[in-house]
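Dear colleague,

I am passing on the structure we talked about, and below it I have set out what was found. Please read the notes with the model open beside them.

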Amino acid sequence: MTLNYQILSQLSSWKDPLIPVIADDIGRIAWNTFLALVPLTLSFFLFYKPRSRVFCWSTYILLGLSFVVGIKKYNDGNLLVALERIVFSLWGVRLVFIAIALGAISILLILDRRLRDPRERKQSIFWWIGLFLFVVILPNAPYILTDIIHFYDAVREIASAWMITLVIVPIYIIFIGTGWFSYVFSLVNLDVYFSKNHWERYVNITELSLHVLCAIGIYIGRFLRFNSWSLVTQPKHFLSILPGELIGKFPLVVILLTIAIIAGLYALCKPLVAKSSLYRE
């Protein structure tokens, strides 16, 4: 009886600290989830589309939902304000984003029906543009692993162990798991593409190269606070300061440690994904 009373007393006071914590985190979680799902979605059309339509369509829908939820939090200071001035209301801005997401999902579903096997298509200029975007955006998927620091921040702000266990922990397990397995699935799709084209001997070096590029990208994003699109939006500033920031003992140690973590986790998870029913012919 005493234990039940303690649980109820903790649950009754959950709302005050929990709601602001989730409200602060949800936009960042949604936006980072969107960025992690972009390379996975691209891999469907560039390399290999898993057999399950449910899996593919769920990815498209989650991509759209995470975009709608995350765009407001991320762009409060620039794009959102600009669009708000155009349509004069926050609700109007949300409608714009919802329309964009629905339009993108519709296009993806149409392409999913018409382009079932990307290996049968010629590598046009659009394929190469897609490959460039895939490589540039790919680090956003394993980058989510570093968001564990925000989990610790959330835990410190909430006193209730029950709320941490029942709400915060599941949210971050799903969030981090989505980002990481988006990375694993993306590379497995690439491996299938290589295998179908008889390029198996290049699989290991390609995977290692992508691990290295992602580790560098994670360092740039977490410590230098650049985004994937900084290469396009701030190319001069990005390229001018990047070499100097990557030279030194601290960046080297962090990048090497990140490579080891990514490569180790990928080696553990790849067999589970590659042997799943999604990849059985």
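Residues 124-141 are 83% helix and 0% strand, with their end C-alpha atoms 26 Å apart; here helices (H or I, at least four residues) and strands (E, at least two) are DSSP runs, numbered from the N terminus. The model is a predicted one, in which local features need pLDDT of at least 70 and side-chain atom pairs count only at pLDDT 80 or more, whereas totals for chains, interfaces and linings use all residues. Residues are numbered from 1 along each chain as its sequence is written, and side-chain values use heavy atoms, with hydrogens and water left out.

The span 124-141 is among those that an unreviewed UniProt entry annotates as "transmembrane region", and 208-226 is another; such annotations may be inferred rather than shown by experiment, and their positions follow the numbering used here, with feature names shortened. Residues 208-226 are 84% helix and 0% strand, and their end C-alpha atoms lie 23 Å apart.

Ile129 lies in helix H6 (residues 125-137), and it counts as partly exposed because its relative accessibility is 43% (buried is under 20%, exposed over 50%, partly exposed in between, with a 1.4 Å probe and protein chains only).

As for confidence, the protein chain averages a pLDDT (the predictor's confidence in each residue, from 0 to 100) of 76, and 65% of the residues score at least 70. Confidence is lowest in helix H1 (residues 2-12), at a mean of 47, and highest in helix H7 (residues 140-143), at 94.

Best wishes
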